[in-house]
Amino acid sequence: MQTSDNQITYYREGSGTPLVLIHGVGASAESWSRVAERLSPRFDILRPDLRGHGGSARIDAPITIDTFAEDVLRVMDEAGVEKAHLAGFSLGGLITQRLAVGWPDRFDRIAILSAVAGRTEEERAKVVARLQMIRDGGMTAITGAARDRWFTAAFAKENEALIRQRIAELEAVHVPSYLEAYRVFGQTELVQTLDRIRHRTLVLTGECDVGSNPRMSETMHRLIPESELQILPGLKHSILLEAPDLIADRLLSFFTRPETAEEMQNG
């Protein structure tokens with residue numbers, strides 16, 4: 001683990017084509033560990049802890065999605081990575097959308113996993129309600145519902161220790177940092193910018209993910225010109241923990257697929 005000049009910790013492993021992996025809210029770069037292990041023989045992987053998460057600096061003032069995006073870019077600069085593939089999960093998928101539009105020359109292909117776009121008023125209201133539940137009752141007020149939203153019943157039955165570890169990670173977060181990060185996640189909507197993404201893009205989510213649902217992924221796929229859509233049967237939100245081998249296989253296939261004639265022309 002390394003720490004950048006702006007106090008963002010990150011992991012670097014593997015060799016080959018640069019690849020940046022961005023985690024979700026209330027997690028850390030560790031959530032990518034099992035996927036990164038599979039991908040590291042082919043990729044030079046950077047996994048930052050988002051601001052307010054893991055070993056990175058806490059969030060002590062209001063921020064925007066650009067704060068997270070610029071942190072990722074500074075980690076890339078410090079690591080000497082001029083251009084990379086990019087994959088983001090949940091909040092990381094929202095950050096990926098912003099990076100692809102705001103700094104297109106820094107990225108090659110992108111993958112947007114279990115992310116949000118075009119949320120309804122009801123869906124946005126649920127985010128606001130969740131924030132208030134945490135303010136009133138702390139992190140334990142949401143962990144029970146999170147367990148049900150994130151994991152399939154079959155996985156939960158066979159992996160109780162792994163789920164307890166994930167819930168414990170959520171309960172141990174720095175609450176002010178989490179609240180601000182979750183506010184950014186809940187209030188940021190980038191659907192109007194998606195048609196400006198010109199990268200080859202993989203959009204992927206679980207069939208039974210109620211928060212980052214297939215309708216949102218279908219919206220992203222419709223608006224991003226060079227995109228492909230994959231809906232994973234039966235899975236809920238926590239695909240990095242429940243199905244790391246499947247996710248690694250899908251990313252490996254997408255990022256190593258031979259370039260089209262148009263991609264080669266565009267450099």
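**The whole protein**

Begin with the complete chain in a cartoon view, bearing in mind that this is a predicted model. The protein contains 12 helices and 8 strands. Its radius of gyration is 17 Å, close to the 18 Å given by the globule rule for 267 residues, so the protein is as compact as a globular protein of that length. Viewed along the principal axes, the C-alpha atoms fill a box of roughly 55 × 40 × 35 Å.

Next, display the contacts between residues at least 6 apart in sequence: 77% of these join residues at least 24 apart.

**The surface and the charges**

Switch to a surface view. The accessible surface comes to about 11,600 Å², and carbon and sulfur atoms account for 49% of it. Of the 267 residues, 55% count as buried.

Now colour the charged side chains. There are 31 positive and 38 negative ones, and the centres of the two sets lie 2 Å apart.

**The nonpolar cores**

Hide the surface and select Phe-68, Met-76, Leu-91, Ile-95, Leu-99, Tyr-178 and Met-220. These are the residues with the most contacts inside the largest nonpolar core, which has 61 residues. Helix α2, residues 65-79, supplies the largest share of this core, with 8 residues.

Which residues is Met-220 in contact with, leaving aside its neighbours within four places in sequence? They are Gln-97, Ile-112, Ala-115, Val-116, Ala-117, Leu-194, Val-203 and Ser-227.

**Two serines with positive phi**

Select Ser-90, in the loop between β5 (84-89) and α3 (91-102). Its phi is near 60°, a positive value in a residue other than glycine. Is Ser-90 buried or exposed? Its relative accessibility is 5%; Ser-90 therefore counts as buried, the cut-off being under 20%.

Finally, move to Ser-114, which is found in the loop between β6 (107-113) and α4 (121-137). Ser-114 is not a glycine, yet has a positive phi of about 50°. With a relative accessible area of 0%, Ser-114 is buried.

How values were computed. Residues numbered from 1 in each chain as written. Predicted model: local features only at pLDDT ≥ 70, side-chain atom pairs only at ≥ 80, totals over all residues. Heavy atoms only, no water. Helix = DSSP H or I, 4+ residues; strand = E, 2+ residues; numbered from the N terminus. Rg over C-alpha atoms; globule rule 2.2 N^0.38 Å. Buried < 20%, exposed > 50% of the residue type's maximum accessible area, 1.4 Å probe, protein only. Contact = heavy atoms within 4.5 Å. Areas by Shrake-Rupley, 256 points an atom, 1.4 Å probe, with all protein chains shown as cover. Lys, Arg positive; Asp, Glu negative; His and termini not counted. Charge placed at Lys NZ, Arg CZ, Asp CG, Glu CD. Core = buried A, V, L, I, M, F, W, Y, C linked by side-chain atoms within 4.5 Å.
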